[in-house]
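Open the model in your viewer and keep the selection panel at hand.

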Amino acid sequence: DQWNDLMVLLKFAGGRPVIVWQAQSTTEPGRYYTDRPLNAAGAARLDTGYHKALWSRGQHKGHSAMVQTGTARLVRDGNRNYSRDDKITAESWKGINWHSAYGGYSGASIGRWSAGCCVSIPVAKFDQAMDLIDQSGKQKNYDFILLWRDWLKEV
């Protein structure tokens, strides 16, 4: 139930990836929706690895966001142990979006801000990411890669 992830946007310049944006985030559902999942199979968590064409520009509850338009590989926390140890599923059109904790929230816990979405704080920082995406001219089929911290320790 903590903002312990980092989301980044990469832009390719001269054939090399360059980080153009980063913010404190979560890729995990909060305690509220882990204990009270919206789906009987458990709270949604994006599986680690590459998700091709997962998101497109859109709205989440009336706010600027990247919305799920592709298939998401999920790990649902059916046993409610806050770990990625359940069966992996592939689900389409389930609302696994990337949005901000709008309304100026920058508190310590995720709370109800994520039932499976990726969420970034503060909202002004997230808005910068949406501006960069808008400036790219591309509106659809954004890929997403979720790296596991243990993988980075090996590099």
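The tour covers the core, then the pockets, then the cysteines. Keep in mind that this is a predicted model.

**Stop 1: the largest nonpolar core**

Select Leu 46, Trp 55, Trp 98 and Phe 144. Within the largest nonpolar core, which has 21 residues, these four touch the most other members. Now colour the elements that give this core two or more residues: strand 1 (5-13), strand 2 (16-26), strand 3 (49-60), strand 5 (71-75), helix 2 (123-136) and strand 9 (142-146). Which of them gives the most? Helix 2 does, with four residues.

**Stop 2: around Leu 46**

Centre on Leu 46 and show its contacts, leaving aside neighbours within four places in sequence. His 51, Leu 54 and Trp 55 are among them.

**Stop 3: a second core**

Next, select Trp 3, Ala 101, Ile 110 and Val 119. They belong to a second, separate core of six residues.

**Stop 4: the largest pocket**

Which element supplies the largest share of the lining? Strand 1, with eight residues. Strand 2, helix 2, strand 9 and helix 3 (149-153) are also among the elements that each supply at least two. Colour the lining by class: 23 residues are nonpolar, seven polar and 10 charged.

**Stop 5: the second largest pocket**

Move on to the second largest pocket, which holds about 350 Å³ of space. Of its 22 lining residues, Leu 38, Gly 95, Ala 115, Gly 116 and Cys 117 are the closest to the centre. By class, this lining has 10 nonpolar, eight polar and four charged residues.

**Stop 6: the cysteine pair**

Draw a distance between the two sulfurs. How far is the sulfur of Cys 117 from the closest cysteine sulfur? It is 7.5 Å away, in Cys 118. A disulfide needs sulfur atoms within 2.5 Å, so this pair is too far apart for a bond. The disulfide count is zero.

Key:
Residues are numbered from 1 along each chain as its sequence is written. This is a predicted model: local features need pLDDT of at least 70, side-chain atom pairs count only at pLDDT 80 or more; totals for chains, interfaces and linings use all residues. Side-chain values use heavy atoms; hydrogens and water are left out. A nonpolar core is a set of buried Ala, Val, Leu, Ile, Met, Phe, Trp, Tyr and Cys residues joined through side-chain atoms within 4.5 Å. Buried means under 20% relative accessible area, exposed over 50%, partly exposed in between (1.4 Å probe, protein chains only). Contact means heavy atoms within 4.5 Å. Ala, Val, Leu, Ile, Met, Phe, Trp, Tyr, Cys and Pro count as nonpolar, Asp, Glu, Lys and Arg as charged, and the others, Gly among them, as polar. On a 1 Å grid over the protein atoms alone, a cavity is a set of points where a 1.4 Å probe fits but cannot get out, and a pocket is an open set with protein on both sides within 12 Å along at least five of seven lines; lining residues have an atom within 4 Å of a point. Grid points are joined across faces, edges and corners, and a volume is the space filled by probe spheres set on the points.
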